[in-house]
Amino acid sequence: MSARQALHTFSTGLTVRGRAFLTSGLASIAAAILLSYPPLLRIGVLLAALPVVAAVITGASRYRISCRRVLQPARVPVGASAQVHLRLQNAARLPSSALLVEDRLPYTLGSRPRFILRRIEPSGHRRVAYRIRSEHRGRYDIGPLTLRSADPLGLFELSRSFTAQHTLTVVPRVQPLPPTRLGALWSGRGEGHAAYAAAAGEEDIGVREYRHGDDLRRIHWRATAHHGELMVRREERTWHSQCTILVDSRTSAHRGTGPAASYEWAVSAAASAAVHLLNQGYHVRLSTGTGAGLIPAEDQDTVLDALAVVKPVPIRALNLDEWSGGGAGTLAGSDLLVIAFLGELGPADAAELARARPGSAGGVAFLLDTATWAGPVTRPMEDRAFRDSVRILLAGGWQVVPARANDDFAELWRAAGRHGAAEDQPYQQPYRPFAPALGAVSPAAAAAAAGPTVPTDGTVPAPAATTTAAAAAAATTGPVTGPDAPSNPGAANANGESR
């Protein structure tokens, strides 16, 4: 250590008491010299020497304390506690002085924990622990740990910071969901996809033409006789359902602040749905509707880690280009189930969602009535905009489940499953005052809300007759899923009757 570094360490390590001792000693020395009074000179030298001796004694124990931190668990849901264990060991041959231990924490995890440890004997150790919790999602760094040792008189204090840090991940709260069926049971990619089976017929499922090198024991003789050429069985493949979960992450689409915001409700519900579907064997992808790209969710930890850090983005319109690989249009054809957690929608956003959902995929939209997160008073214009969004989504083939601030997502999930299992039954929610009104909408009113009156830059790409038919089905039976909303313009006439 150079002289400049030693001087800097000495000046920064002096406590208020040490500075007072040093100042008093120097003043006494100066007065004794001016007055030629030797006893005062001896007192001044003693007062000035005490802080220097304290700094030398305290600095002798530097870099002799080792620390180990253990975080259990490293991933917790919102509102749950984690425990931090610290183990401090004295690696010196002499006992240490009293230690002030302070661990650095973000403000969202609470105040910095501080502990005072008595002297640690040589090769001895001390253990301390504390709890942390957060009501906000995110990743938080814990540490580095700071040790402060002082001399017995409290004249000099030496601080040492370790470099090790740990990361606590606070994930959304996951709610157990009842078993239900919202869409198709399986999907996949490759030769054995359901679309190939539908095109080739049941007799040709799992066969292809013979190729050089194929095992002759795999020849399918019935298919060979039918096609007039050698056909072999395909290798058996395992197919999984695939689902895309959309979380509307526009800042302008949500209300409320902190953990009680509508966006936090949507993120928690999306996490619950994703974990439930993963346990059911689905392949899940996440989308935020901001153009950031699809997030593959391989397992529960991947889903929760991804949703732990999503934040609202200050954009006004939904960006669904990522659903179709960068081009406007529909979702990727491999999805047979799309679940959307939507905030406040404009007519253009609702029309874009109606156009993006393919006719072969089941679409379930949990539409948040964000006005209920803002307060108990709902303005008429907000209620009207919410109803218009519901009508447009229904006309586009989505199954719409309205959600309010105090609703239990497990109950909404169960209600959506009941409707998905029985399409011919009206989907009623008596605890929502606006639900009966939605079911009583006439076809003409629904067509007027979702048809030509929608701006041309965000219209549903279907003729008026098709839109009217879908709206009529919505008024008769509640939310409409893919099979009930005809996607072919020639599949319905002006009266809404299927041909």
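Is Arg131 buried or exposed? Arg131 is exposed, at a relative accessible area of 58%. The terms first: buried is under 20% relative accessible area, exposed is over 50%, and partly exposed is in between, with a 1.4 Å probe and protein chains only.

A word on the model. This is a predicted model, where local features need pLDDT of at least 70, side-chain atom pairs count only at pLDDT 80 or more, and totals for chains, interfaces and linings use all residues. Residues are numbered from 1 along each chain as its sequence is written, and side-chain values use heavy atoms, with hydrogens and water left out.

Stay with Arg131 for a moment. Arg131 sits in strand 6, residues 125-133. Strands here are DSSP runs of E, at least two residues; helices are runs of H or I, at least four; both are numbered from the N terminus. What does Arg131 touch, leaving aside residues up to four places away in sequence? Ser81, Ala82 and Gln83. Contact means heavy atoms within 4.5 Å. Pro113 is 18 residues from Arg131 along the chain, and their C-alpha atoms are separated by 9.2 Å.

Now the salt bridges. The rule: a side-chain nitrogen of Lys or Arg within 4 Å of a carboxyl oxygen of Asp or Glu. How many salt bridges does this rule give? The count is 19.

Take Arg75 and Asp305. Their side chains form a salt bridge, 2.9 Å from N to O. This pair links distant parts of the chain, 230 residues apart: Arg75 is in strand 2 (residues 75-77), Asp305 in helix 7 (residues 300-308). Arg75 is partly exposed at 31% relative accessible area. Asp305 is buried at 18%.

Next, Arg250 and Asp349. The closest N and O atoms of this salt bridge are 3.0 Å apart. Again, distant parts of the chain are linked, 99 residues apart. Arg250 is in the loop between strand 13 (242-247) and helix 6 (262-279), and Asp349 is in helix 8 (residues 347-356). Both Arg250 and Asp349 are buried.

Then Glu344 and Arg255. Their side chains meet in a salt bridge at 3.5 Å, N to O. Glu344 is in the loop between strand 16 (337-342) and helix 8, and Arg255 is in the loop between strand 13 and helix 6, so the pair ties together parts 89 residues apart in sequence. Glu344 counts as partly exposed, at 34% relative accessibility.

Last, a network. Salt bridges link Glu102, Arg112, Arg114 and Arg148.
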